[in-house]
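Good morning, everyone, and thank you for making the time.

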Amino acid sequence: MNASFFILAAAISSVPIQIAAQSPVANGNAASKAASASKSARWTAPRLPDGHPDLGRYWSNHTSTPLQRPAGAKEFLTDAEIKEIEDRASRPPAPNPNNPFPALWRGDDRWLMANKRTSIITDPKDGRIPPLTAEGKRKYDALQEEHKRRYFNGPEDLTGLERCITWVTSGPPMLPTFYNNNYQILQTPSHVAIMTEMVHDVRIIPTDGRPHDNIRQWMGDSRGHWEGDTLVVETKNFNGKRGWLGGPQFNGDDLKRPDENMTVTERFTRTAPDLLLYQFTVNDPVIFSQPWSGEITMRPFDEPILEYACHEANQALTLI
């Protein structure tokens, strides 16, 4: 896939669902939540010989839930609202002369989060990325001015995303975009590896207690440990060159660009046969005025993930 085709795909991708401001969740939904919790409580995750839960399989974090909650929206959807969205998603999309591939590129609203949240962000409570610090705002303004003045002489002048070096799905945190939100987790007693379909990044995470390295990397330096049945992964030592932490689906831009001081803490917990709860906290005190957290329920699938070639050797960059 070359860069010009990718840009076309991004332009015609669907907009995430819009969630209007409504009244708080009805108490009638509590019974449904309690039944679901009871079912999960009776289920025990399969274990490897070392006694830890087996996370190893193919997972997808595809969702139509936006990263940030629309202004004025409530925190949770009701069962009736979920059904309405699923029914709408099951109907063929209306013809759109400006979008020749509506079924291919649109998000699938049936892949809603099992926790029924109206945003991936869970903290702050308004479901929004917190304001920038004064230094974060200064960096953002400087980047905007740089983009206005820059003449692109070569691939080094473009972002890592445009050069297919890394992607928002690679993480951490691992956030979904408009397609290819697929992962393969491999697990041994001393390591966990997470392969991402988009741009085929692989994170190799030691879980044997070794300390962090001091080498800065695109996806940082990850170290994991177990807290009960939850895999906890701490990542630091980013190189500060990643862009679009929020991803194109979320109207991401360099405002959400992390820097080398960012630390991300992730938690992976199997809560049901078909659910892997993924939680994360971003702490970047230089850029953001406070830490922020979110969660996504990942679902399994049986097919293998496919090669994502993107573009080779920057050949397509001359077109942009």
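This is a predicted model: local features need pLDDT of at least 70, side-chain atom pairs count only at pLDDT 80 or more; totals for chains, interfaces and linings use all residues.

The protein has 5 helices and 10 strands, and of its 320 residues 47% count as buried. If we take the contacts between residues at least 6 apart in sequence, 66% of them join residues at least 24 apart. The protein exposes about 15800 Å², and carbon and sulfur atoms supply 54% of that area.

Turning to the charged side chains, the structure holds 16 salt bridges, and I would like to go through a few of them. In one of these, the side chains of Arg-47 and Asp-229 meet with N and O 2.8 Å apart. Arg-47 sits in the loop between α2 and β1, while Asp-229 sits in the loop between β6 and β7, so this pair ties together parts that are 182 residues apart in sequence. Arg-47 counts as partly exposed at 40% relative accessibility, and Asp-229 counts as partly exposed at 37%.

A second salt bridge joins the side chains of Glu-81 and Lys-74, at 2.9 Å from N to O, and here Glu-81 is buried and Lys-74 is buried as well. Glu-75, for its part, forms a salt bridge with Lys-125, with 3.4 Å between the closest N and O atoms. Since Glu-75 belongs to the loop between β1 and α3 and Lys-125 to the loop between β2 and α5, the pair ties together parts that are 50 residues apart in sequence. Glu-75 is partly exposed, with a relative accessible area of 21%, whereas Lys-125 counts as exposed at 54%. Salt bridges that share partners then join Glu-75, Arg-117, Lys-125 and Glu-295 into one network.

That brings me to Arg-69, which is placed in the loop between β1 and α3. Which side chain of opposite charge is nearest to the buried Arg-69, and how many Å away is it? The nearest one is Glu-75, at 4.4 Å, and Arg-69 has no salt bridge; the cut-off for a salt bridge is 4 Å from nitrogen to carboxyl oxygen. Leaving aside residues up to four places away in sequence, Arg-69 touches a set of residues that includes Lys-74, Glu-75, Lys-125, Asp-126 and Arg-128.

Next, the covalent link. The count comes to 1 disulfide, formed by Cys-164 and Cys-310 with their sulfur atoms 1.7 Å apart.

Now for the backbone. Most residues other than glycine have a negative phi, and most peptide bonds are trans. Against that background, the bond from Asp-123 to Pro-124 is cis, with omega near 10 degrees, and Pro-124 is placed in the loop between β2 and α5. The bond from Gly-171 to Pro-172 is also cis, with omega near -10 degrees, and Pro-172 lies in the loop between α5 and β3.

As for phi, Lys-116 has a positive value near 65 degrees; Lys-116 is in the loop between α4 and β2 and is buried, with a relative accessible area of 16%. Asn-237 has a positive phi near 60 degrees; Asn-237 is found in the loop between β7 and β8 and is buried, at 14%.

Finally, two places on strands. Val-202, in strand β5, is partly exposed at 36% relative accessibility, and together with Met-195 and Ile-204 it forms a nonpolar patch on the surface, with about 250 Å² of accessible area. Thr-281, in strand β9, counts as partly exposed at 29%. Not counting residues up to four places away in sequence, Thr-281 touches Thr-263, Val-264, Thr-265, Pro-291, Trp-292 and Ser-293. Thr-281 and Pro-173 are 108 residues apart in sequence, and their C-alpha atoms are 7.9 Å apart in space.

Definitions and conventions. Residues are numbered from 1 along each chain as its sequence is written. Side-chain values use heavy atoms; hydrogens and water are left out. Helices (H or I, at least four residues) and strands (E, at least two) are DSSP runs, numbered from the N terminus. Buried means under 20% relative accessible area, exposed over 50%, partly exposed in between (1.4 Å probe, protein chains only). Lys and Arg count as positive and Asp and Glu as negative; His and the chain ends are not counted. Contact means heavy atoms within 4.5 Å. A disulfide is a pair of cysteine sulfur atoms within 2.5 Å. Accessible areas come from the Shrake-Rupley method with a 1.4 Å probe; for residues, only the protein chains shown count as cover. Patches are made of residues with over 30% relative accessible area and no salt bridge: like charges are joined within 9 Å, nonpolar side chains (Val, Leu, Ile, Met, Phe, Trp, Tyr) within 5 Å.
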